[in-house]
Amino acid sequence: MSAEENPAAEPAPVIDVQGDGRWMSQHNRFVQECKDAEPDVLFVGDSMVQLMQQYEVWRELFSPLHALNFGVGGDTTCNVLWRLQNGELDNIRPRVVVLWVGTNNHEHTADQVAGGILAIVQLLLSRLPKCKIIVLGLLPRGEFPNPLREKNAAVNNLLRTSLPQLGPVQLIDVGGGFVHSDGTISSRDMFDFLYMSLLQLLEETPQERRASLV
């Protein structure tokens with residue numbers, strides 16, 4: 001599916017329905033950070049990325065890597081693609097980019113979501129040809145089996161097949177261990193059946209995690 005045929009691969013800013021310019025203000029702040037920082041690692045995506053910096057483990061593991069966090073809650077692949085095309089990659093040359101987005105693409109099919117993620121990866125490869133790219137797989141959602149969980153799993157399967165064809169891109173599926181044998185997810189692992197503890201995501205030692213990134 002070409003970008004022209006895929007609505008999840010069409011760059012688009014968030015419509016300012018609240019009238020406070022919040023999303024664009026965040027984007028402009030990220031663009032300014034690109035002018036002032038020299039990151040080794042760039043994290044970009046939705047609220048999964050945004051919330052990482054609220055944990056002590058962010059300061060312990062990623063601050064020493066001069067990491068930038070360009071996560072915005074509610075973002076879709078379209079929004080991330082627009083942000084990256086409009087200044088959030090200017091003036092920086094990170095060694096690693098970690099991408100985590102797609103779970104908010106509710107109106108798109110699994111094929112479209114995967115295509116949107118691939119479009120972002122292709123943009124990153126074209127702008128940062130020497131960079132290593134890590135794509136985090138979509139997490140399972142909901143306490144019990146449901147169509148949205150099936151869709152996210154389908155996206156991950158499509159990425160597992162397609163990403164290696166693009167270049168130095170690694171897919172890390174961090175959500176497989178959360179679904180129990182009866183198909184349920186425990187609230188102790190994902191308190192709202194959407195977000196998980198960051199400590200579980202980063203359960204390796206700091207040395208091991210840092211080595212995997214660089």
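Helix α5 (residues 110-127) packs against helix α6 (residues 147-162) at an angle of about 45°, and their axes are 8 Å apart. Helices (H or I, at least four residues) and strands (E, at least two) are DSSP runs numbered from the N terminus; axes are lines fitted to C-alpha atoms, for helices over the stretch in contact, with angles from 0 to 180 degrees between N-to-C directions. The model is predicted: local features need pLDDT of at least 70, side-chain atom pairs count only at pLDDT 80 or more, and totals for chains, interfaces and linings use all residues. Residues are numbered from 1 along each chain as its sequence is written, and side-chain values use heavy atoms, leaving out hydrogens and water.

In α5, A110, D111, V113, A114, I117 and L118 meet K151, A154, V155, L158, L159 and S162 of α6 (contact: heavy atoms within 4.5 Å).

I117 returns in the largest nonpolar core: of its 38 residues, L99, I117, V121 and V135 touch the most other members. Such a core is a set of buried Ala, Val, Leu, Ile, Met, Phe, Trp, Tyr and Cys residues joined through side-chain atoms within 4.5 Å, buried being under 20% relative accessible area (1.4 Å probe, protein chains only). The largest share of this core, eleven residues, comes from α5. V121 touches L99, I133, V135, L163, L166 and V169, not counting residues up to four places away in sequence. Apart from this core lies another, of 18 residues, including V57, F62, L139 and V174.

Methods. Buried < 20%, exposed > 50% of the residue type's maximum accessible area, 1.4 Å probe, protein only.
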